[in-house]
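Please keep the model in view while going through the numbered points.

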Amino acid sequence: MPHIIAETATGTISFEAIVGQKLVLALEDNGVDILHRCGGNARCTTCRVELIVGDAGEMGPNEQAILSTKEGLNENTRLSCQIRVNGDMEVKVINQASVAGIEPGTRPED
């Protein structure tokens, strides 16, 4: 099982994830209150992560399109709802419900 390390607002956590699972769900299932306001449809960009180490796979056209509308993102910024876990990764979670003071959003589908 892939090993995920996530830097969060409250510290770093690590856990094992299921191969093929969406990263946003793996994070949420392991106690990270990551935002996902559009329900995992690559429309809102609230589930952004910065990929520090690992391979998040190729970026699809929907993810590319929405991220291109945002300023100040680096080349390692990805949407966790569009990443399928296939190997070890280290990420920095950019938006969390507890920090933003809002509900995370509708749980994305598998």
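**Note on the structure**

1. Glutamate 63 and arginine 78 are both buried, where buried means under 20% relative accessible area, exposed means over 50%, and partly exposed lies in between (1.4 Å probe, protein chains only). The two residues form a salt bridge whose closest N and O atoms are 2.8 Å apart. A salt bridge is a side-chain nitrogen of Lys or Arg within 4 Å of a carboxyl oxygen of Asp or Glu. Glutamate 63 belongs to helix α2 and arginine 78 to strand β4, so that distant parts of the chain, 15 residues apart, are linked. Helices (H or I, at least four residues) and strands (E, at least two) are DSSP runs, numbered from the N terminus.

2. On the basis of the description: this is a predicted model, in which local features need pLDDT of at least 70 and side-chain atom pairs count only at pLDDT 80 or more, while totals for chains, interfaces and linings use all residues. Residues are numbered from 1 along each chain as its sequence is written, and side-chain values use heavy atoms, with hydrogens and water left out.

3. What surrounds arginine 78? Not counting residues up to four places away in sequence, arginine 78 touches Cys47, Arg48, Val49, Ala56, Gly57, Glu58, Met59, Glu63, Leu67 and Ile83; contact here means heavy atoms within 4.5 Å. A polar atom of the arginine 78 side chain lies 2.8 Å from the backbone oxygen of glycine 57. The relative accessible area of arginine 78 is 6%, and therefore the residue counts as buried.

4. How many salt bridges does a search of the whole structure find? The search finds three. Arginine 107 meets glutamate 28 in one of them (2.6 Å, N to O). Because arginine 107 lies in the segment after α3 (97–100) and glutamate 28 in helix α1, this pair ties together parts that are 79 residues apart in sequence. Arginine 107 also forms a salt bridge with aspartate 29, with the closest N and O atoms 3.0 Å apart. Glu28, Asp29 and Arg107 are thus linked in a network of salt bridges. Relative accessible area is 39% for arginine 107, 21% for glutamate 28 and 45% for aspartate 29, so each of these residues counts as partly exposed.

5. The strands form an open sheet of five, in the order β2-β1-β5-β3-β4, with mixed pairing. Two strands pair if DSSP finds at least two bridges between them. The edge strands, β2 (11–16) and β4 (77–79), each pair on one side only. β1 and β2 pair in the antiparallel sense over six bridges and form a hairpin with two residues between them. β1 and β5, by contrast, pair in the parallel sense over four bridges.

6. Strand β1 deserves a separate look. In a regular strand the side chains alternate between the two faces of the sheet. The covered face of β1 holds Ile4, Ala6 and Thr8, and the uncovered one holds His3, Ile5 and Glu7. Isoleucine 4 has phenylalanine 15 of β2 as a bridge partner, glutamate 7 has threonine 12 of β2, and alanine 6 has valine 91 of β5.

7. The largest nonpolar core has 25 residues, and those with the most contacts inside it are Leu23, Leu27, Ile34 and Met89. A nonpolar core is a set of buried Ala, Val, Leu, Ile, Met, Phe, Trp, Tyr and Cys residues joined through side-chain atoms within 4.5 Å. β1 (3–8), α1, β3, α2 (61–67) and β5 (89–93) each supply at least two residues of this core, and the largest share, five residues, comes from α1. In soluble globular proteins, nonpolar side chains tend to be buried together.

8. Most residues other than glycine have a negative phi. Alanine 42, however, has a phi near 55°, and threonine 45 has a positive phi of about 70°. Are these residues buried or exposed? Alanine 42 counts as buried because its relative accessibility is 7%, and threonine 45 is likewise buried, with a relative accessible area of 4%.

Notes: Polar contact = N/O pair within 3.5 Å; in protein donor to acceptor, adjacent residues only side chain to side chain.
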